[in-house]
Amino acid sequence: MADYDFNAPRLFVDAPLHEGARIALDRGQANYLLNVLRLKTGEGVLVFNGQDGEWRADIAVEGRKAADLVCAHRTRGQTARPSLIYAFAPLKHARLDYMVQKAVEMGAGTLQPVITRRTQSTRVNLERMRSNAVEAAEQCGILTLPEVREEESLELFLKTLDKDRVLVFCDEDAPVSNPVQALAKLGNNPAGVAVIVGPEGGFTDQERALVAAHESCVRVSLGPRILRADTAAVAALAIVQSVLGDWS
Ligand code: SAH
């Protein structure tokens, strides 16, 4: 990543990207580039759309509130969406915003809200989740947007989860033991990994039994303290990515 230009602003655009492609910015994007970043004609940004890689695009100012971008050259080739699934009991507003952004930064390719007995908010605002995912991708040099799935019951999530996919079950009731060692035993799993974190009220015992019954479930402790669900998300994903994922 050394040669990556971390300073250039990055924008997700929903438009095809190729040499010379002209992208009309929406008002929000134009305002951000012209009035917040005060970029001038000829200055550039990085754009990505999740399909065509990342491109350097130059600004063509059309007026105080309008601007187009013109693709100059490609800076990075497109990469595949990560296979990591992050399943979670949705939290309330700001905590959910935070958790979604951190999961995307940590490399989740699919965000799966799961409704459990103690889940605080059973209605999930998918558009809000998507815009948080876009923001995290823009800020962290990520080239693909995660799939943001509709909320589903824990039962349905477990039923439809690929039996061979490792399910890292963050269980606040698990006896304290080294999660790194628990995951290191698994070795490389081509079927991929899913991580599940429960609600602020934790899992019920029958939910615990349901998750543990998943064929490739690995129950992990995240230490002797009870972490807030959004803290647990970052802790669990850091361990998973370093032992089984793209941090190693
Ligand atoms: N019943 C507690 C637990 C909720 S913590 C409470 O009411 O505060 C929310 C979620 O974060 C848990 O369901 C679990 O998935 C995860 N988590 C928190 N601390 C953990 C730990 N020490 N080990 C494993 N998972 C943990």
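Trainee: How far apart are the end C-alpha atoms of H2, and what span should its 13 residues have?
Mentor: This is a predicted model. At 1.5 Å a residue, H2 should span 18 Å, and its end C-alpha atoms are 18 Å apart, which agrees.

Trainee: Which residues of H2 are buried?
Mentor: Leu96, Asp97, Met99, Val100, Gln101, Ala103 and Val104 are buried.

Trainee: Let's take Ala103. Where is it?
Mentor: Ala103 sits in helix H2, which runs over residues 93-105.

Trainee: Why does Ala103 count as buried?
Mentor: Ala103 counts as buried because its relative accessibility is 1%, and the cut-off for buried is under 20%.

Trainee: What does Ala103 touch, leaving out residues up to four places away in sequence?
Mentor: Ala103 touches Tyr86, Ala108, Leu111 and Leu237.

Trainee: How far is Ala103 from Ala87?
Mentor: They are 9.8 Å apart in space, C-alpha to C-alpha, and 16 residues apart in sequence.

Trainee: What comes just after H2?
Mentor: Gly107 does, with a positive phi of about 100 degrees.

Trainee: Changing topic. How many disulfides are there in the whole structure?
Mentor: The search finds zero.

Trainee: Is Cys170 buried or exposed?
Mentor: Cys170 counts as buried, because its relative accessibility is 8%.

Trainee: Now the ligand. Which residues come nearest?
Mentor: Of the 19 residues around the ligand, the nearest are Cys170, Glu172, Glu200, Leu222 and Arg225.

Trainee: What does the backbone of Glu200 do there?
Mentor: One of its backbone N or O atoms lies 2.6 Å from an oxygen atom of the ligand.

Trainee: Which backbone atoms lie by a ligand nitrogen?
Mentor: A polar backbone atom of Gly201 is 3.4 Å from a nitrogen atom of the ligand. For Gly223, a backbone N or O atom lies 3.0 Å from a nitrogen atom of the ligand.

Trainee: How much of the ligand's accessible area does the protein cover?
Mentor: The protein covers 85% of the 550 Å² that the ligand has on its own.

How values were computed
Residues numbered from 1 in each chain as written. Predicted model: local features only at pLDDT ≥ 70, side-chain atom pairs only at ≥ 80, totals over all residues. Heavy atoms only, no water. Disulfide = S-S within 2.5 Å. Buried < 20%, exposed > 50% of the residue type's maximum accessible area, 1.4 Å probe, protein only. Helix = DSSP H or I, 4+ residues; strand = E, 2+ residues; numbered from the N terminus. Contact = heavy atoms within 4.5 Å. Expected span 1.5 Å × (residues − 1). Near = heavy atom within 4 Å. Polar contact = N/O pair within 3.5 Å; in protein donor to acceptor, adjacent residues only side chain to side chain. Areas by Shrake-Rupley, 256 points an atom, 1.4 Å probe, with all protein chains shown as cover.
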